[in-house]
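Biologist: Could you take me through how charged side chains and strand pairing should be read in a model such as this?

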Amino acid sequence: MSFVLVAGVVSFLSLQCHSQRLNSIAGPFRVIPKHAEHCPEHLFGQKGEIGTWAFSFVRDRQDVNTHYATGNFTTLYWFGDNLNVELSFSSWSSRGGWKENALVLRLKHLCKTGKTYMARQWKNAQLAIHPNNASADCPFPPGMYKVRNATVDLGVTRQFPAFFYGKWRIDVKIIEPQNNTGCISCLRAFAEVVPQVYLDKGKAGAMGGAEGIKGFQNNSDTNVDFTPIEIPNV
């Protein structure tokens with residue numbers, strides 16, 4: 001699995017961090033999300049875009065290490081294990097400009113990937129779609145999926161003991177490999193990877209909730225609401 005290979009590389013870097021130079025570029029880390037936007041058209045394949053994303057980020061007032069995502073995903077297509085996931089990381093160069101595809105992770109089978117790396121969020125989505133059938137599974141039907149209170153790292157950062165610091169741009173692509181269709185959905189997110197700082201949560205702020213959302217409940221869980229879309233037979 002690509003995640004295991006990358007984790008091995010950055011773990012090696014972490015163990016070798018004896019020099020000040022290496023400590024300044026890689027090591028234990030936390031992710032500060034900046035914003036998310038629509039991917040450019042040239043990234044999509046033959047079918048174009050058939051799954052759209054709209055997300056924003058907020059920071060927990062009590063824990064500066066925790067950020068949440070809220071937004072929605074709308075699709076007119078069934079999403080299942082026939083699709084793959086591709087994460088394309090571009091790093092900001094010290095000379096200015098993006099170094100395209102500095103790291104690319106390709107993960108086969110959308111559902112299997114979700115269950116492995118986002119187990120809690122995945123289960124919540126399944127329960128939203130099939131509230132009376134806890135054993136229901138993939139694929140995801142056409143509809144609008146509203147996501148609230150999702151921790152930004154989705155548990156993925158625990159797969160990496162260390163990472164490279166700096167500004168990153170991540171293209172999250174859903175790929176249809178059949179007939180080389182290519183990318184059918186994509187979200188572009190910007191983030192900064194900084195050294196891990198262990199702070200007293202009480203010093204970060206006394207008020208509950210997260211910045212930017214009135215009444216936001218800080219329960220570190222993910223809520224998913226599903227509204228089906230009827231697709232007429234053609």
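Biologist: Is Arg 106 buried or exposed?

Modeller: Burial is read from relative accessible area, taken with a 1.4 Å probe on protein chains only, where buried means under 20%, exposed over 50% and partly exposed in between. Arg 106 has 57% relative accessibility and therefore counts as exposed, whereas Glu 86, at 15%, counts as buried. This is a predicted model, in which local features need pLDDT of at least 70 and side-chain atom pairs count only at pLDDT 80 or more, while totals for chains, interfaces and linings use all residues. Residues are numbered from 1 along each chain as its sequence is written, and side-chain values use heavy atoms, with hydrogens and water left out.

Biologist: With which residue does Arg 106 form a salt bridge?

Modeller: Side chains of opposite charge can pair when their charged atoms come close. The rule asks for a side-chain nitrogen of Lys or Arg within 4 Å of a carboxyl oxygen of Asp or Glu, and by it the count comes to six salt bridges. Arg 106 forms one with Glu 86, their closest N and O atoms being 3.2 Å apart.

Biologist: Which pair has its closest N and O atoms 2.7 Å apart?

Modeller: That pair is Arg 188 and Asp 171. Elsewhere, salt bridges that share partners join Glu 86, Arg 106 and Lys 173 into one network.

Biologist: Which strands does S9 pair with?

Modeller: Two strands pair if DSSP finds at least two bridges between them. S9 (residues 166-176) has eight of its eleven residues buried. It pairs in the antiparallel sense with S5 (residues 84-92) over eight bridges, with Asp 171 as the bridge partner of Ser 88. S9 also pairs in the antiparallel sense with S10 (residues 182-195), over eleven bridges, and there Gly 166 stands opposite Val 193. The hairpin of S9 and S10 has five residues between the strands, and in this hairpin Asn 179 takes a positive phi near 60 degrees.

Biologist: What does Lys 34 form a salt bridge with?

Modeller: Its partner is Glu 192, with the closest N and O atoms 3.8 Å apart. Lys 34 lies in strand S2 (residues 29-38) and Glu 192 in S10, so the pair ties together parts that are 158 residues apart in sequence. Lys 34, at 48% relative accessibility, counts as partly exposed, and Glu 192, at 26%, counts as partly exposed.

Definitions and conventions:
Helix = DSSP H or I, 4+ residues; strand = E, 2+ residues; numbered from the N terminus.
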